[in-house]
Each structure stands twice: as structure tokens, then as C-alpha cells.
Amino acid sequence: MSDEKLLEVTDLKKYFPVSAGVFGRHVADVKAVDGVSFTVRKGETLGLVGESGSGKTTIGRLVLKLLEATSGTIRFEGRDISDISARQTRMLRRRMQIIFQDPYGSLNPRMTIGEIVSEPLAIHGIAKGKARQERTVELLRMVGLQSSHLNRYPNEFSGGQRQRVGIARALAVEPQFIVCDEPVSALDVSIQAQVLNLLEDLRERLGLTYLFISHDLSVVRHISTRVAVLYLGKIFEVADRSALYEHPLHPYTQALLAAIPVPNPEVQSAQKRVLLSGDVPTAMAPPSGCRFHPRCPFAFERCSVEEPAMRDVGGGHMVACHAVENGTIQ
Amino acid sequence: MALLEVRNLRTTFQTEDGVVTAVNGLSFSLDAGQTLGIVGESGSGKSVTSLSIMRLIDRPGRIESGEIFFDGRDLLKLRDEEMRHVRGHRIAMIFQDPMTSLNPVLTIGEQIAEVVRLHLGRNHREARETAIEMLRKVRIPSPEKRVDDYPHQFSGGMRQRAMIAMALSCNPQLLIADEPTTALDVTIQAQVLELMNELQRETGAAIILITHDLGVVAETCKDVLVMYGGNMVEYGSARQIFAEPRMPYTQGLLASLPRLDAPANARLTPIPGQPPNLHRMPPGCAFAPRCTYRLERCDEIVPVTDLGHGHLARCWRCTENLQAAGAAR
């Protein structure tokens with residue numbers, strides 16, 4: 001892995017307007033992504049974890065230009081892609097692709113597997129006729145399917161096989177960068193491992209870079225090089241995998257890790273967990289100051305007034321927390 | 001005597017492509033106050049098992065055969081109105097999605113009170129009191145106000161608490177929870193599991209927890225039943241299942257799990273192949289087509305082996321040290 005920055009996101013925001021009344025008056029905004037900055041280095045997998053409503057999926061779509069950002073810049077391969085034209089966006093899709101969560105909803109049921117996988121080749125004018133056919137078969141093989149699957153329809157496949165089709169489609173244009181949006185969440189455990197291994201093999205073989213979005217901290221730990229933790233549209237902590245899981249600093253990260261049930265009854269009985277009280281507040285009116293403070297066991301006065309800034313605590317371990325800054329948490 | 005005893009349960013569904021056997025000869029029993037986790041992947045028959053116990057299988061589904069003894073009576077022989085008395089009162093159930101199992105046009109309080117009025121014969125005022133009391137028990141803040149809220153005014157975690165409040169309002173002897181935390185975020189899941197554990201200790205109700213999440217089972221259940229292809233493949237204490245699994249499917253399931261207590265870069269060992277197609281079930285062991293240790297006789301019906309100390313496995317090779325055998329290959 002190099003230090004070359006493939007993707008650089010700065011102060012990215014996405015507000016969804018909320019309207020009310022007969023005239024559709026604009027009454028508020030859902031601040032889905034509220035000032036997020038991060039980089040993805042070439043060849044790494046950045047895991048983006050968060051609970052529902054944290055904005056992780058929105059970030060993935062903003063990066064791919066599937067959604068228009070409210071403000072902020074996105075640089076890809078050194079170029080600012082925040083305000084590019086529709087035509088340039090289409091060109092960009094040859095470099096960056098997405099794998100969706102739901103292998104049932106993301107494949108057109110009326111198209112054969114062959115048509116689905118070869119469609120990007122046609123759209124981008126990459127290959128024609130026999131070459132296209134050969135490339136399609138090659139793509140299917142790459143993801144562990146066979147040429148005999150070409151003329152079959154998505155409904156004949158299981159969830160794991162469909163997800164392989166989705167991966168093959170994403171790989172068709174030979175992208176550099178893939179946003180994986182909860183790619184294994186809809187799959188059974190035994191199949192999940194097959195797809196995770198496939199994604200890892202492909203990254204190594206094709207030199208891919210992933211932005212891996214998931215709510216599952218065990219899965220993210222398994223596949224990521226670095227991990228960013230999101231809460232209500234903000235990044236709270238970014239660190240190398242080992243630093244984040246072995247030495248989490250932000251109280252939210254700590255609580256999140258403690259909440260995961262470990263499949264080992266012996267550990268369970270020994271360990272007493274810190275339980276977070278309360279629910280995640282709404283992104284329409286996030287709490288003042290640090291938006292985690294109403295649920296935070298370490299919160300003090302300053303936390304409700306002043307929003308903590310991201311600080312590097314050493315070795316690229318970034319955390320936004322007043323209690324870490326003043327040394328309460330070490 | 002066991003509180004619940006399921007014998008040879010067989011539940012089928014009539015589909016356009018023929019009859020599908022969702023549960024195929026399942027037998028197990030549950031003692032009063034016991035917590036049993038039923039684990040399985042999609043299509044393993046775990047949810048149909050719980051719906052069969054509640055007799056909530058509707059056409060095109062049908063309980064073909066078997067017996068379900070609850071507190072000494074075969075539920076499958078009860079008249080509909082007798083069953084209605086058992087359902088909600090003696091056996092309660094909570095589902096995965098609290099939004100679709102709550103009525104959106106009735107307040108939370110009305111829905112809890114309805115159960116109490118129906119089964120315990122309380123009047124309106126008493127039932128409302130009980131509803132508030134139950135909401136307090138599941139830790140809904142200011143329950144005397146929230147009792148008049150509608151389901152959409154509750155968050156996901158609160159709705160699931162309200163469901164638990166409703167389920168426990170008649171002091172059932174058995175609570176069946178079908179994926180109760182699957183739709184919840186992990187921090188909320190931890191709260192709900194903790195709550196269930198506490199209420200279980202307090203009320204002494206037996207619990208059947210149906211889930212695909214092995215972590216949730218390890219955390220909540222004393223005993224575990226592993227299902228695959230419509231039947232039990234392994235049964236034992238949580239310690240036996242997680243530390244000494246004897247059936248290759250259980251072993252495979254544990255090996256394919258990315259876990260926080262394993263080295264981060266350890267490669268996962270997936271189970272090869274796909275889950276069984278219920279329309280074309282293998283004749284013998286349902287797991288045989290995906291099994292590394294398959295023998296010829298696995299294509300015939302495989303009996304359950306009692307491994308002692310309550311540990312059961314449906315596998316010809318469950319007494320061998322398979323992982324060692326696998327490593328030697």
C-alpha cells in the first residue's frame with residue numbers, strides 16, 4: 001500500500017430539506033452528513049462504520065456522485081470532482097463503482113446474468129461482439145460463477161450468487177475504486193464469509209481500493225486497513241484497524257465495541273458491559289456541542305457547548321472528543 | 001416434566017412448484033424457566049417452528065404431523081378458542097419487526113391494555129394501570145405519558161420494548177422471541193438483550209430465542225438448538241455448542257464468522273456451496289452436499305446420536321475428531 005491519496009474528502013455536507021404544509025414550506029433539514037473529512041489511500045480498505053442514520057450510505061453515494069453534495073469537496077486521483085458535468089461523471093464511473101447491499105433489489109429480474117454483467121461494457125463502449133462475450137465469461141469466472149450461468153435469470157440464484165453477479169458487474173469497467181455498501185449484510189453467515197474472501201482476493205489480484213460501509217464491526221475489522229466511526233453525520237474517530245479495535249479512544253467507539261455480542265459463552269459470563277443509555281437522537285436537530293454528549297458517560301460542561309475538533313493523538317489516530325483532549329480518557 | 005415438548009413436527013407449504021417441507025420431523029423439549037436459542041440460516045425452518053408452536057401457520061402452510069405438548073396438553077389438538085386462550089396468555093411471542101406487529105392506529109397503551117383485558121379480564125382502568133406498569137418495567141421513560149403515544153412516536157428500540165411489555169403483560173410461561181433484535185442497532189440491541197435477561201430472571205418465564213446471530217445466542221441462552229434444512233442438526237449447552245461443536249455444519253458456521261476475539265487478519269473459512277433448495281432437498285443429511293466429511297451413508301436418513309451430558313448431534317461422524325481428520329487430508 002502506498003501513501004498516495006486516491007480519494008480525499010473535505011468538509012462534506014449533505015442536508016436533505018424537510019418540507020411541511022400544502023405549499024411544501026421548507027421547515028428544516030436532515031443533516032445526514034454534516035462536515036465529514038477523510039482520505040482513502042491507494043490499495044487500502046477504509047471501513048466506514050456507524051449505526052442507522054449515521055450517514056454512512058449517504059457518504060458512499062456522495063463520493064460516487066449518485067447524490068449532489070450540499071457543500072464540501074471531493075478529490076479523486078488528485079482531481080476535484082465536486083462540480084463536474086454529467087458527461088464527466090459518466091467517465092468517472094469507469095474509475096469508481098459500487099456494490100449494493102441488497103442482491104435482490106439491485107439486479108433487474110428481466111435481464112439474464114450475461115446481460116447484467118455485460119451492460120456496463122456496452123454503455124462505456126469497452127468491448128463489442130465476441131470480445132464482449134469473452135470478457136463477460138471472464139468476469140463471471142473471476143467471481144466464482146460459470147459460463148453456464150450466462151443465460152439464467154437472477155431469480156434462479158441464491159443471495160450469495162446474486163451478490164457475486166453484482167460484484168462482476170462492478171468489475172466490468174475495471175475500476176480503481178469500489179464503494180461496498182453493506183455488501184454482506186443481507187447474506188447468511190456461511191455465505192457472508194465466501195463473499196468477504198472473494199472481495200479480499202479481488203482487491204489483491206486487481207489492486208483495488210475499497211470504501212467499505214457497514215454497521216457490523218466484526219466484518220469491518222476483518223476486511224479494513226483503517227476504520228472511521230460515524231455518528232449522526234460526523235466522524236468521531238479514524239485509526240488503523242489495530243489501534244481502533246485494541247485501543248479505542250472515543251467513548252462512542254468504546255461503547256459500540258462493548259455492545260457487540262461475542263459468540264463465546266465463557267467470555268460473556270466474565271465480562272460486564274458498559275451499556276449506552278438512550279436512543280440515537282434525530283439528525284434533524286442534533287444535540288448541541290458534541291452530538292454524543294447526552295448519551296456519553298464522560299460528558300462534562302464543555303461537551304454540550306463546544307463541538308470537539310478532530311485531533312491527531314499520534315500515528316494518524318484521529319479522534320474528536322474533549323475528554324480525550326483533556327486527558328480524562330487515555 | 002418438560003414445559004414444552006415438540007415431537008416429530010412436520011410443517012409443509014403448498015407452492016406452485018410443489019410441496020415444500022419447511023420443518024421436517026423436528027423434536028425437542030424445553031423445561032420451565034429454560035432459555036433455548038434456536039439458530040439457523042434463512043430457510044432452516046426456525047421461524048416456521050415458532051409459528052407452528054403458536055399454531056399461526058396459515059394456508060398454503062399446514063402442520064402435517066407431530067405433537068406439541070405444552071404443560072401436558074397437545075396444542076395441535078386444542079379447539080381454536082382454547083388455543084386463543086393459550087396464545088398471548090400462556091405463550092407470548094415477539095417478532096423481528098416491531099413496526100409491523102404493532103397496530104399503527106391504536107396507542108401503545110390501548111394495545112397492551114387490550115391483551116390484559118382479554119386474557120386477565122381486567123376493566124379499562126385496571127388494564128391501563130397495568131399497561132403503564134409494564135412500560136415502566138421495560139424502562140420506557142415517563143410511562144404515564146408515553147402510554148398514550150402511537151407506535152410511530154416511538155423509536156425502534158422503544159417499540160421493541162413495548163412489544164416485550166405486551167408479551168409479558170399476562171405473565172406467560174413461555175416467551176418466543178423471533179429475531180427480536182435483528183432490526184435494531186447494536187447499542188440498542190445490547191439494551192434490549194439486557195432487558196430480556198433481567199425480565200427472564202424476574203418472571204422465570206421460559207424463553208425460546210430464534211436468531212441467526214451466534215453472538216446473541218452466546219450472550220443470552222443456556223442451551224442451543226442448531227437447525228439446518230428443516231431439522232435439528234445439533235443440540236447442547238451453549239458451552240458444548242460453542243466450544244465443542246460436533247456437527248460439521250455447526251463447526252463450519254463458527255469458522256466462517258468474523259469475530260472480534262480472533263486475530264484480525266485471520267482468513268475466514270466459509271462453508272462451500274449454497275444453502276439447500278427446499279424444493280430439492282437431499283434425501284439424507286441436508287448438509288451432506290456441502291460437507292467436507294461426507295460419507296456414502298450420509299445420503300440415507302441420519303439418526304441423532306446422544307453424546308452424553310445432553311449433547312445431541314445428527315451426524316454419522318460426530319464422535320470422531322473431525323477437525324484433526326480434516327487437517328490430515
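**Entry 1: overall form of chain B.** I start with a definition, since my next step needs it. The radius of gyration is taken over C-alpha atoms, and the globule rule is 2.2 Å times the number of residues to the power 0.38. I also note that this is a predicted model. What radius of gyration does chain B have, and what would a compact globule have? Chain B has 329 residues, so a compact globule would have a radius near 20 Å. I find 21 Å for chain B, which agrees.

Next I looked up the box. Along the principal axes, the C-alpha atoms of chain B fill roughly 70 × 50 × 40 Å. I then listed the secondary structure: 12 helices and 12 strands in chain B. I checked burial too, and 53% of the 329 residues of chain B count as buried. Last, I turned to contacts in chain B between residues at least 6 apart in sequence. Of these, 64% join residues at least 24 apart.

**Entry 2: where the chains meet.** The size of an interface is often given as the accessible area lost when the parts come together. I looked up that area for this pair. Chain B and chain A bury about 3,700 Å² between them. Carbon and sulfur atoms carry 55% of it. In residues, I read 42 of chain B in contact with 41 of chain A.

How many salt bridges are there between chain B and chain A? I find one. R267(B) pairs with D201(A), and their closest N and O atoms are 3.1 Å apart. I also looked up polar contacts, and 17 residue pairs between chain B and chain A make them.

Which elements of chain B give two or more residues to the side that touches chain A? I noted α8 (186-203), α9 (214-220) and α10 (238-243). The largest share comes from α8(B), with seven residues. By type, this side of chain B divides into 22 nonpolar, 11 polar and nine charged residues.

**Entry 3: one residue at the meeting place.** I picked Q194(A). Helix α6 of chain A, residues 189-206, holds this residue. Is Q194(A) buried or exposed? Its relative accessible area is 9%, and the cut-off for buried is under 20%, so Q194(A) is buried. Then I listed what Q194(A) touches, leaving out residues up to four places away in sequence. In chain A I find R164(A). From chain B come P270(B), I271(B), P272(B), G273(B), Q274(B) and R290(B).

**Entry 4: salt bridges within the chains.** Over all chains, the structure holds 36 salt bridges. I looked up several.

- R61(A) and D181(A) form one, with their closest N and O atoms 3.4 Å apart. This pair links distant parts of the chain, 120 residues apart: R61(A) sits in helix α1 (residues 56-63) and D181(A) in strand β7 (residues 177-181). R61(A) is partly exposed at 27% relative accessible area, whereas D181(A) is buried at 4%.
- R90(B) and D71(B) form another, with a closest N and O distance of 2.6 Å. Both lie in loops: R90(B) between α2 (80-86) and β6 (91-94), D71(B) between β4 (61-70) and β5 (73-74), 19 residues apart. R90(B) is partly exposed at 21%. D71(B) is partly exposed at 37%.
- E198(B) bridges to R139(B), the closest N and O atoms being 2.7 Å apart. E198(B) lies in helix α8 and R139(B) in the loop between α5 (124-137) and α6 (143-146) of chain B, so the pair ties together parts 59 residues apart in sequence. E198(B) is partly exposed at 29%, and R139(B) is partly exposed at 43%.

I also noted a network of salt bridges in chain A. D34(A), K234(A), R291(A) and E307(A) are linked in it.

**Entry 5: a loop residue.** Where does R59(B) lie? I place this residue in the loop between α1 (46-53) and β4 of chain B. R59(B) has 82% relative accessibility and the cut-off for exposed is over 50%, so R59(B) counts as exposed. I also checked R59(B) against Q14(B), 45 residues apart along the chain. Their C-alpha atoms are separated by 8.0 Å.

Conventions:
Residues numbered from 1 in each chain as written. Chains lettered and ligands numbered in written order. Predicted model: local features only at pLDDT ≥ 70, side-chain atom pairs only at ≥ 80, totals over all residues. Heavy atoms only, no water. Contact = heavy atoms within 4.5 Å. Buried area = accessible area lost by both parts, 1.4 Å probe. Salt bridge = Lys/Arg side-chain N within 4 Å of Asp/Glu carboxyl O. Polar contact = N/O pair within 3.5 Å; in protein donor to acceptor, adjacent residues only side chain to side chain. Helix = DSSP H or I, 4+ residues; strand = E, 2+ residues; numbered from the N terminus. Nonpolar A, V, L, I, M, F, W, Y, C, P; charged D, E, K, R; others polar. Buried < 20%, exposed > 50% of the residue type's maximum accessible area, 1.4 Å probe, protein only.
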